[in-house]
Amino acid sequence: MPETFTNATQALPLFKGVKKVSVEEYFTSGHRTCQGCESALVMRLMIKAAGPRTIVLGATGCMYVANTTYYTTPWVVPWMHTQLGSSGSAALGTAAGLKALMRKGRMKAEPINVIAFCGDGGGADMGLAAISATLTHKEYNCLIFLYDNESYANTDIQVSGSTPYGAHTTFSPPGSVKRILHTRWKKNTAGMLAAGHPECRYVATVDASYAVDMMNKVRKALSIGGPTFIHSFDPCPKGWDFDPMLSHELGELAVETGIFPLYEVEDGVVRHYGKTKAIAEGRPRRPVREYLLKQGRFAHFTEEDLDYFQSKVDEMWNKWEIPGVIPFWKEKRPVVPMP
């Protein structure tokens, strides 16, 4: 007699400090990521937070190529590759398949986590439509996890919708005719998905420099029910041109300068977290130059460029309707000239 299918999620209580985090590892040796790769740490923390009863789906990207060399893999849990823009489709299809098999009694009825990860090229750009569609299907439990290293890192660091203004990439090298070739501001993926999917119960931003906060948001996303989305900020030594020992420090600086706010939108309620919460409550932000000038991709910046970047971040905190989250203005928006 098959067990009754309930569509329940796992009970994943939040970790109360790093000493309470599980010692078991489900992303182990066997990967070939770069020294100082923050995304490898993100994968390790993500699956540590989720636990063993989890299926992971990986879209094409550096975390697919580096982690699944022929006949080797660091994944201890079931893992499947999916196409570059298909993380949303894969998550929804897997959740629906599990639900059907359990309802028909063809497999044990139990809560199984489904996580589909993608890079910024696969999530913020190519796969955005599939992610958006998945977030409207509230009857399926799955998490879409976007690890954002701000470029197409798998194919040698090309510009993506998440690449910050002015960054040096293989598609936007600074030159004598045009010093700043990439003039677009970074896409606000998490804020866009939260604002556009009011029935999605959980959207959050995370940074592995704040590991416990990150893991707790993964556990929240997996246990709240329905499709959820997390946007992770991942410093990339190769693509951003910095010493690998600075990965953790750059993750902290991105938050402390206000460039990457940490927040969650749970059932429509916005909450800032950690140092982002302090900034939202009035704590001074560190100047963006402390973050930018540690990276070779901004080595061509002049004082004018730094001032322009600072002014755009200032707008996020001083002008947006919800600071750092939703880019709607309380008043008519002035045009800030680019240098």
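**Close-up views of a predicted model**

**View 1. The largest nonpolar core of this predicted model has 38 residues.** Inside this core, the residues with the most contacts are M43, M46, W75, F117 and F145. Several elements each supply at least two residues of the core: the helices α1, α2 (62-65) and α7 (211-223), together with the strands β3 (113-119), β4 (142-148) and β5. Helix α1 gives the most, with eight residues. Another core lies apart from this one; it has 32 residues, including L57, A109, L135 and C200.

**View 2. Here we meet M46 and its contacts.** Which residues is M46 in contact with, leaving aside its neighbours within four places in sequence? They are V56, W75, I115, F117, F145, M214 and V218. Look again at W75, F117 and F145: like M46, they are among the residues with the most contacts inside the largest nonpolar core.

**View 3. T228 sits in strand β6.** Is T228 buried or exposed? T228 is buried, because its relative accessible area is 0%, and buried means under 20%. A polar atom of the T228 side chain lies 3.2 Å from the backbone oxygen of A221. Setting aside neighbours within four places in sequence, T228 is in contact with A221 and also with L135, C142, L143, I144, C200 and Y202. Two of these, L135 and C200, belong to the core of 32 residues.

**View 4. Helix α9, residues 247-256, is mostly covered.** Of its ten residues, seven are buried: S247, L250, G251, L253, A254, V255 and E256. What do the buried residues of α9 pack against? Their partners are the helices α1 (38-50), α8 (237-240), α10 (274-280) and α11, plus the strands β5 (202-207) and β6. Just after α9 comes G258, which takes a positive phi of about 85 degrees.

**View 5. The largest pocket has a volume of about 460 Å³.** It is lined by 27 residues, and those closest to its centre are W185, K186, N188, M316 and W320. Helices α6 (189-196), α11 (289-292) and α12 (303-318) each supply at least two residues of the lining, and so do strands β6 (227-233) and β10 (326-329). Which element gives the largest share of the lining? That is α12, with four residues. Sorted by class, the lining has 16 nonpolar, six charged and five polar residues.

Conventions:
Residues numbered from 1 in each chain as written. Predicted model: local features only at pLDDT ≥ 70, side-chain atom pairs only at ≥ 80, totals over all residues. Heavy atoms only, no water. 1 Å grid on protein atoms, 1.4 Å probe; cavity = no way out; pocket = protein on both sides within 12 Å on 5 of 7 lines; lining within 4 Å. Points joined across faces, edges and corners; volume = space filled by probe spheres on them. Nonpolar A, V, L, I, M, F, W, Y, C, P; charged D, E, K, R; others polar. Buried < 20%, exposed > 50% of the residue type's maximum accessible area, 1.4 Å probe, protein only. Polar contact = N/O pair within 3.5 Å; in protein donor to acceptor, adjacent residues only side chain to side chain. Contact = heavy atoms within 4.5 Å. Core = buried A, V, L, I, M, F, W, Y, C linked by side-chain atoms within 4.5 Å.
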